[in-house]
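The sequence and coordinates are shown first.

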Amino acid sequence: MSKYNKVRKVMSALWAGANCVRKVLHLLILLLIFSIIFGTISSTKPRLPQEAALIIHPVGTLTDQLAGDPYDRAISKLLGDENSQILVQDIIDGLEYAKDDSRIKAVVLDLRDLHGGGLSKLQRIGTALDNFRASGKPVIADSDFYSQPAYYLASHADEVYMNLDGFLLLPGFDRYRSYFKDAIDKLRIDWNIFKVGTHKSFVEPYMRMDMSGEDREATTQLLDQLWRSYREEVSTARGIDSSVIDAFSLNLLKNVRNENGDIAALALSLGLVDDLLTRAEVNKKILKYVATDPKTP
């Protein structure tokens, strides 16, 4: 290795170290500023009444680990353009603490802003909800719109409510891929592929413009298994027959026409939700389990 390369390598390492220190210092400064602001605004600790409900309102997508650099996430949050992520473990921990807290009488799932989450993540939270309910405390789910991930969590609640003008969609699972063979040919890119055996679909986007029969077979089996798991787990948690889920999902247009275009009424008639209520009416339901704050007007 030449002296120039050695010097360049040392300077690159020094620059990387200095850049890392810069990010840490910026993050510490931001934390200090936020601490001062929040300390000034909130002079007193929030008071938890003796009979309260834990409201779980996930905003964004469920994840096991936050993506991105902490410094970049802090800057994005400060600028208001962050991609919201919810740690699955945070929800599980909250349910575990609430189960053993005598002041928490119920859990309310506000699922209107849950954007998505993999089945394995939903299963972990579903198990935590079941464990919470085993303590004798109820779980109430409410939303204007239930996406497929949101309804999985709602099915683990004792009471499931939806707005009168709300809707529920269970589209199932799918998989889409982009294929680049025509672009590679037109750009005259010299592309070498090594492939052995069947059902090796990773390189197919560079070899063809559509899905092969082998890839379609493997993908269909995977998606069918995911849907069976979702359907069986939701129907078991909800206490309904699994055919109800298929009837709602596969015959949605026909069934909605029979309900005069009202998806909310269809969901109620099939037993997917317990009642169609406004948010004010849901709040009245919650008051059955918790005490009102005397300082609240």
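## Helix α7

Helix α7 has 26 residues, and the distance from its first C-alpha to its last is 37 Å, close to the 38 Å expected at 1.5 Å a residue. The expected span is taken as 1.5 Å times one less than the number of residues. Helices (H or I, at least four residues) and strands (E, at least two) are DSSP runs, numbered from the N terminus.

The buried residues of α7 are Asp215, Thr219, Leu223, Trp227, Ser229, Tyr230, Arg231, Val234, Ser235 and Arg238. Here buried means under 20% relative accessible area, exposed means over 50%, and partly exposed lies in between (1.4 Å probe, protein chains only). Among the elements that cover these buried residues are α4, α5 (148-154), β7 (159-168) and α8 (242-250). Just after α7, glycine 239 adopts a positive phi of about 80°.

## Basis of the description

The model is predicted: local features need pLDDT of at least 70, side-chain atom pairs count only at pLDDT 80 or more, and totals for chains, interfaces and linings use all residues. Residues are numbered from 1 along each chain as its sequence is written, and side-chain values use heavy atoms, with hydrogens and water left out.

## Arginine 231

Arginine 231 lies in helix α7, which spans residues 213-238. Its relative accessibility is 15%, and it therefore counts as buried. When neighbours within four places in sequence are left aside, arginine 231 is in contact (heavy atoms within 4.5 Å) with Ser242, Ile245 and Asp246.

## Packing of α3 and α4

The axes of helix α3 (residues 88-100) and helix α4 (residues 119-133) come within 9 Å and cross at roughly 5°. Axes are lines fitted to C-alpha atoms, for helices over the stretch in contact, and angles run from 0 to 180 degrees between N-to-C directions. The crossing angle therefore makes α3 roughly parallel to α4; angles under 35 degrees count as roughly parallel, over 145 as roughly antiparallel, 65 to 115 as roughly perpendicular and the rest as oblique.

On the α3 side, the contact is made by Val88, Gln89, Ile91, Ile92, Leu95, Ala98 and Lys99. On the α4 side, Lys121, Arg124, Ile125, Ala128, Leu129, Asn131 and Phe132 take part. The residues of this contact comprise nine nonpolar, two polar and three charged. In this classification Ala, Val, Leu, Ile, Met, Phe, Trp, Tyr, Cys and Pro are nonpolar, Asp, Glu, Lys and Arg are charged, and the others, Gly among them, are polar.

## The five-stranded sheet

Five strands form an open sheet in the order β1-β4-β6-β7-β8, with parallel pairing. Two strands pair if DSSP finds at least two bridges between them. The edge strands, β1 (52-56) and β8 (275-276), each pair on one side only.

Five bridges connect β1 and β4 in the parallel sense, and isoleucine 56 stands opposite leucine 109 in β4. Strand β4 (residues 104-110) is mostly covered, with six of its seven residues buried. β4 also runs parallel to β6, to which it is joined by four bridges; valine 107 has valine 139 in β6 as its bridge partner. Strand β6 (residues 139-146) pairs with β7 over six bridges, again in the parallel sense, and serine 143 stands opposite methionine 162 in β7.

## Pairings of β2

Strand β2 (residues 60-63) pairs in the parallel sense with strand β5 (residues 114-116) over two bridges, and leucine 114 in β5 is the bridge partner of glycine 60. Three bridges join β2 to strand β3 (residues 85-87), and these two strands run parallel. Threonine 61 has glutamine 85 in β3 as its bridge partner.
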